Amino acid sequence: MQAIQFTAPMEINIVDLPEPTAPGPGEALVRTHRMGICGTDLSCYLGKFPFFAYPRTPGHELGLEVVAVADDVTNVKPGDKCSLEPYVNDPESPTSRKGSVNCCPGVQVIGVHNNGGLRKGVFAVPARKLHVGNDLSYDQLALVETLAIGYHAVQRGNPKPGETVLVIGAGPIGLACLEFLKLMDVKTVVMDMVQSRLDFCQQNLGIQHAIQFKPDDSPLAELEALTDGQLADVIIDATGSPKSMSTCFTYAAFTGRVVYVGITTSDLTFPHAPVFHRRELTLLASRNAMPEDFEKIIQLIREGKINTGLWITHRIAFEQVPAEFAKFTDPALGAIKAIIEVR
């Protein structure tokens, strides 16, 4: 079958991969209809993502059709439309057994650690990682994984009613966080360097409070004015920028929580005694998402509480990927979410 392959940094080819004829125990054979282009995919293409080796077929934000299942599979059936939870954990690891399947030490992410779904034919996945949404479109199902990353980050921050939550970075993951914060009884503030992204948040997501980041004290002053000097109870940094991740503590209220959902390979430093210690802050990481997050999001989309149509700003066909993929690395394009139509 035809598949897209990252053969080296900034090099894409269409290749032939073998197509399985039957699922193994616990597996389902699936066919990709839609793939969302993720920041991870762009970093892998550019050669900047850790744990990624070439050659590799990307694709973990997927809208899938189930084609066949093994005899021992009962949670899905042929014809089901599904979203994929791409984090393949070891169910017997101590981490998984205590419920943290999202960060099992040996977790393998489909499309990152092994070949993903950007291919024309069928491929095998663990059936337990499929989440059925037959009343959703393949576009919607392809967006569930991105939304799940944001949902898990919000859960890590655990905002309480009446608290102020600051999301730094209005890219897809930051937007995913905002989708769930707007459903909560909190004051939500978004910060980004790019005014057009802030405009999108206000005009399409209904986020009232937006602060454009500038390299001076004005963002802090704006946040102080919005919160009567109390600052943010929860900060979710979705930038992946070492500078932002090192300085975001400045915006935190006393006893606040800071959640890193963006990823960097750089070392981070921040002022301990005058800020982190003095304010008794809590620092949290947020990795991947939980199985129940996928189910929750599918239900919210089903209920019309999340409008995924606002997200999709660009589309390309499978055959266009080698020639067109690179353009999505340019922030000036203004892509919120690009979808690859595989079928």
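This is a short walk through one predicted structure, taken sheet by sheet and then by its charged pairs.

Some ground rules before I start. The model is predicted, so local features need pLDDT of at least 70 and side-chain atom pairs count only at pLDDT 80 or more, while totals for chains, interfaces and linings use all residues. Residues are numbered from 1 along each chain as its sequence is written, and side-chain values use heavy atoms, with hydrogens and water left out.

I'll begin with the open sheet. Six strands make it up, in the order β12-β11-β10-β13-β14-β15, and the pairing is parallel. Two strands pair here if DSSP finds at least two bridges between them. At the edges stand β12, residues 209-212, and β15, residues 282-285; each has a single partner strand, so one side of each has no neighbour in the sheet. On average, neighbouring strands of this sheet are turned by 20° against each other, direction ignored. For angles, axes are lines fitted to C-alpha atoms, for helices over the stretch in contact, and values run from 0 to 180 degrees between N-to-C directions.

Look at one pair inside the sheet. Strand β13, residues 232-237, and strand β14, residues 252-260, pair in the parallel sense over five bridges. Ile236 stands opposite Val259 in β14. Helix α3 packs on the sheet and touches β13, β14 and β15, with its direction at about 150° to that of β14. Helix α4 also packs on the sheet, touching β10, β11 and β13, and its direction makes about 160° with that of β10. Contact, throughout, means heavy atoms within 4.5 Å.

Between α3 and β10 there is a loop, and Lys160 lies in it. Is Lys160 buried, exposed or partly exposed? Partly exposed, with a relative accessible area of 39%. The cut-offs are under 20% for buried, over 50% for exposed and partly exposed in between, using a 1.4 Å probe and protein chains only. Leaving aside neighbours within four places in sequence, Lys160 is in contact with Asp185, Val186 and Arg257. Lys160 and Val186 are 26 residues apart in sequence, and their C-alpha atoms are 7.2 Å apart.

Next, strand β3, residues 27-36. Nine of its ten residues are buried, so β3 is largely enclosed by the rest of the structure. Which strands does it pair with?

On to helix α9, residues 291-302. Its twelve residues should span 16 Å at 1.5 Å a residue, and the end C-alpha atoms are 17 Å apart, which agrees. The expected span is 1.5 Å times one less than the number of residues. Asp293, Phe294, Ile297, Ile298, Leu300 and Ile301 are the buried residues of α9. Seen down the helix axis they fall within an arc of 160°, so they line one face; the arc is that of the directions from the axis to the C-beta atoms. Their cover includes α3 and α4, along with β5, β6 and β9. After α9 comes Gly304, with a positive phi near 80°.

Last, the charged pairs. A salt bridge is a side-chain nitrogen of Lys or Arg within 4 Å of a carboxyl oxygen of Asp or Glu, and by this rule there are 14. One of them joins Lys337 to Glu61, with the closest N and O atoms 2.9 Å apart. Lys337 is in β17 and Glu61 in β4, so this pair ties together parts 276 residues apart in sequence. Both Lys337 and Glu61 are buried. Another joins Glu179 and Lys182 at 3.1 Å between the closest N and O atoms; Glu179 is buried at 0%, whereas Lys182 is partly exposed at 32%. Finally, Arg34, Asp139, Arg315 and Glu341 are linked in a network of salt bridges.

Methods:
Helix = DSSP H or I, 4+ residues; strand = E, 2+ residues; numbered from the N terminus.
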